[in-house]
Amino acid sequence: MVRISTIITAAAVAFNYVEAAPATYWGKAGLEGGIRGELSKRAVVVSTIADGTRAGTGNVPIRQDFNEFIKDSTALNLYLLALSRMMARSQDDPTSHYQVAGIHGRPYIAWDGVSGGNNNRGYCTHADILFLSWHRPYLALYESLLHAEVQKIAQEFTPGSADSTKHLASAANWRMPYWDWATSVTIPALIGNTPKVTVQDPTKGSTQIDNPLYAYKYHFSSSSKQQQEFPNAPFDSNAQTSRLEINQLNGKLANIGTNIKNRVYNLLTAYTDFATFSNKGTTTAVNGQLDSLESVHDVIHATVGGSQGEMGYVDYAAHDPLFFLHHTNIDRLFAIWQVVHSNSSKSYLTSTDRYTNNYGTYALRGGIVENSQTGLAPFRKTSSAYYTSDDVKSTKSFGYVYPETVDWDKPADNFVAWVIAQVNNKYGSGAPAGILTSVSSATNSMSSTTTSRTTTTTTTTTRPPTTTTTTTRPPTTTSSTTTVRTTTTTTTSTRPTAEFPLPTTTVAPTTTQATTASAAPVTTSPPQGDVNGPVRGQRNCQNTPWYLWFWTGLWDCFFQGRNNGGHHKRDIISDVKDVAHEAKTVITDTVDNIGAIIENSIDALPDINDLVKFASSLISGDQYVEYIAQIKADNSALNGTFTVYVFLGDYNFQDAMSWPTEKNLVGQHSAFTNIGGGHHFTGSGSVPLTRAVMNLIVNGKIPNLGRDAVVPYLKDHLRWEVATASGEAVPSKDVQDLKVSIVSSDVRLPCVKGALPAWGNAKTEYGISEGKDGGLCQGQQMV
């Protein structure tokens, strides 16, 4: 067996013995880390990375968003060189990209000699209570190997040179980045569209290499070896990892980006039970909550991988280098949720829990009872013991935090509220709660000095439109009359100025940010980067999306917006075009196509002027109604990854290949499985509908958000379809255990940045789903 440590000093890369770091709150930093002897002889131990928790202050390096990370050309250069070297190692080397990726699934062989469970699976714990805690040391192992190589590379530059100085400084606090797909919905060009990159090599100088973020190139010793370890087509003969074509992929991601962002916001704010929040296997449907962070994670996997890419299947996914950027973001969202709900009694596993892993992993027997003390094999904290969930509860146990969880420069009594403010700012700004909070504030500000608001809804009778064509799914022929209830509500509500500061990021000083990157991509088509990222520079009415005006205290902007109305309909549109404008090589048609998909989607919203005009149709007092589609199905119903698409309005039901980019697609739920399907269990997820319903109100199709108006419309116009990863349509009635329900809930708006929306009891709207294939009928339960 081998024993690997995350490096304590740069000299340790030479594989000499190094003592463990000083003790910390979590025990010995390194947890008996250090490299003792040659790598082919001892057990692998994941230990705290260099410069872990610093005594007295709690400062640790920060994992950064990829789009911020790449602005530092030196950190990026180290990343590309280190990843390239890790990928170049023999596929028989347990420290190679191939072997570490193989921990997750194929080739289903013992890593570090650890076995004892189900030999037809990898070690990963999907649809299991350990899903999030298991992946934390997995990422730490991968990062530790990169970190070791980063230290070595930094030392290879000529001592005393400018290159040496800046690379050593950068290496001291180096951590791998994450891809925040909930705010940067498309694949950054450096990852998805740049096969070659130019790097600054310590010995060769400026040189062009295969981009290790673009693909991993397999180097099996023989074709028979590849077929033995990767028995499934097309992976049994692929020369390198693959994904969907970049423009096709980014179009699909752009079409569901807002819905994904809404799901993330709901999960971070409304879900308080770790078992429900964390994974799709222990869902209990508490108050109608059927989503999970794992279910959102599944949609990204299924979309990126398609039918031919590794990311689309559990057993091959980790071989795609994008996997680790994706999962680092999952770990980040987990860390944020831990802070937001740190006062909840159900915010984490306990030693007395009794969850059953029915199918086991490569290391765990099926039927094992799991709790916070269950070993997270194959990740050893000593040569004779594995890490447990208790060991990895804090990211600081592995020497890192995220921008939203930096705690050492904040008052302890305000830290949770500060993190909630970051969630509201980053994810809530595009969610109904955030948008309607801004609308409410604008309405109050523009009404009277007493800030009293009268909400009046006019009684009307409307008939939903019907359309029948040869290519679109016609609405049901059942005639329905929408009766709108008249209400008059007078409230006095003052929205106080937010009391918590804007997000700040503490980054250890390393190198000067690049203007001309030393790790320059060789671009073959335009960057597809951040399309909904943070506002650059000082915030004002012009550079801040209107959704953020309330959260950032820009009250005067509401008046300016009313008079001028010069903002884009979607804040991500402006960023798409910023990327195009700033890029040196631009094919504007591609960017415009993505922008058009976003602009024309069913959940696109108008500018502040129009929404303020519809305030009385959207909000009643300080509340509004949320609508969510809940979906469950046998995860292996179709013997492989499949997706349930939810539409509101017409779509081309005859062409399943078009469904991911249909303008009336609201969102999707994906069942992410092994090739062949794997084990049978019920997986679930959600598709928020409220933004799409708000779009209907603005476009005059329904009068307000009230149930009397919305439920009949959804009954006639809400549909779902099922397709395999290859785009083959499958009738809903043929999908084992498929059930779709719609729930509504009254939600109270937050009044300050550090507060959360308050969700009322969920109500199942049987009238929408019953009578449709897979729809929940009166009296049935989802779980």
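Helices here are DSSP runs of H or I with at least four residues, strands are runs of E with at least two, and both are numbered from the N terminus. By that count, the protein has 21 helices and 22 strands.

A word on the source. This is a predicted model, where local features need pLDDT of at least 70, side-chain atom pairs count only at pLDDT 80 or more, and totals for chains, interfaces and linings use all residues. Residues are numbered from 1 along each chain as its sequence is written, and side-chain values use heavy atoms, with hydrogens and water left out.

Now the whole protein. Of its 783 residues, 62% are buried. Buried means under 20% relative accessible area, exposed means over 50%, and partly exposed is in between, with a 1.4 Å probe and protein chains only. The accessible surface comes to about 28,000 Å², by the Shrake-Rupley method with a 1.4 Å probe. Carbon and sulfur atoms hold 48% of that surface. Next, contacts, meaning heavy atoms within 4.5 Å. Take those with a separation of 6 or more: 74% of them join residues 24 or more positions apart.

On to helix H8, residues 246-270. Two packed helices are described by the angle between their axes and the distance between the axes. Axes are lines fitted to C-alpha atoms, for helices over the stretch in contact, and angles run from 0 to 180 degrees between N-to-C directions.

How do H8 and H10 pack? Their angle is about 175 degrees, and their axes are 11 Å apart. H10 covers residues 293-305. The two helices are therefore roughly antiparallel, the word for angles over 145 degrees; under 35 is roughly parallel, 65 to 115 roughly perpendicular, and the rest oblique. On the H8 side, the contact residues include Leu 249, Ile 256 and Leu 267. On the H10 side, they include Leu 293, Val 299 and Val 304. By class, this contact has 10 nonpolar, two polar and two charged residues. Nonpolar covers Ala, Val, Leu, Ile, Met, Phe, Trp, Tyr, Cys and Pro; charged covers Asp, Glu, Lys and Arg; the others, Gly among them, are polar.

H8 also packs with H12, residues 415-426, at about 160 degrees, with axes 10 Å apart. That makes this pair roughly antiparallel. Lys 261, Tyr 265, Leu 268 and Thr 269 of H8 meet Val 423, Asn 424 and Lys 426 of H12. That contact has three nonpolar, two polar and two charged residues.

Last, Ile 187. This residue lies in the loop between H5 and H6. Its relative accessibility is 0%, so Ile 187 counts as buried.
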